[in-house]
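Me: Hi! Could you walk me through this structure in simple words?

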Amino acid sequence: MKNYADKQEFVLSQITNKYFQRRDFSGCDLSGIDLKGIDLSGVNFIGADLRGANLSGCVLTRANLSGANLMEASLREANLYEASLCEANLINADLTRANLCGSFLWRVKFTGSNLWGASLCDVDLREADLSKAKLIEASLIEANLSFANLAGAKLCGAKLLEANLTQANLTGADLTWANLTKANLNKANLWEAKLIYAKFRETIMPDGTIKQPQIVIY
């Protein structure tokens, strides 16, 4: 592309052209592009450069963003239902109130990202890096977080019911008021984690014991 304006016009023309069915932008340089509120469902963004892109309010259902670079991109209130973001880079991205339910997030990088109020029910977050991420009031019901790195993450008020946190790293994580009912924390690292008013009910603890219903204050 000659310049940003040309890149913007080209991408928009391909997306809005009803005769262009493929909508394949794999490997493309789309850094800084503004696609706010556009329907991008099913679009192929594998390995695309979307650094600093504005995808706020976009419909990205079943889109493929595997290996894409979304560093510092805005995905506020975006719909990423069943989207694939495996091994994508979302460092310092803004996903406030985004819908990621059923999405594939294996080994995704969410370091320092804002996921405040995001919906992450039944997502695959195995081996994901969520260190220092803001997951305040996020919904992670039945999420698979096994071997995930949540060191220093803010999970205040997060819903982690039946979440799989097997061998997850929660060192220094803030789980104040978090709901861990029936969550699996077997072999998880809770060193210096804040568990004030966290709810444990039938929760499998790091040592394999099952926590009975009670409020734990540390």
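Reply: Happy to! The largest cavity has a volume of about 40 Å³. On a 1 Å grid over the protein atoms alone, a cavity is a set of points where a 1.4 Å probe fits but cannot get out, and its volume is the space filled by probe spheres set on the points. This is a predicted model: local features need pLDDT of at least 70, side-chain atom pairs count only at pLDDT 80 or more, and totals for chains, interfaces and linings use all residues. Residues are numbered from 1 along each chain as its sequence is written, and side-chain values use heavy atoms, with hydrogens and water left out.

Me: How many cavities of 30 Å³ or more are there?
Reply: A search of the whole structure turns up 1.

Me: What lines the largest cavity?
Reply: Leucines, including Leu-135, Leu-155 and Leu-175. Lining residues have an atom within 4 Å of a point. The lining has 9 nonpolar residues, no polar and no charged.

Me: New topic: what's the phi of Glu-87?
Reply: Glu-87 has a positive phi of about 60°, although it is not a glycine. Most residues other than glycine have a negative phi.

Me: And where is Glu-87?
Reply: In the loop between helix 1 and strand 1. Helices (H or I, at least four residues) and strands (E, at least two) are DSSP runs, numbered from the N terminus.

Me: What about Tyr-197's phi?
Reply: Tyr-197 also has a positive phi of about 60°, and Tyr-197 lies in the loop between helix 1 and strand 1.

Terms used:
On a 1 Å grid over the protein atoms alone, a cavity is a set of points where a 1.4 Å probe fits but cannot get out, and a pocket is an open set with protein on both sides within 12 Å along at least five of seven lines; lining residues have an atom within 4 Å of a point. Ala, Val, Leu, Ile, Met, Phe, Trp, Tyr, Cys and Pro count as nonpolar, Asp, Glu, Lys and Arg as charged, and the others, Gly among them, as polar.
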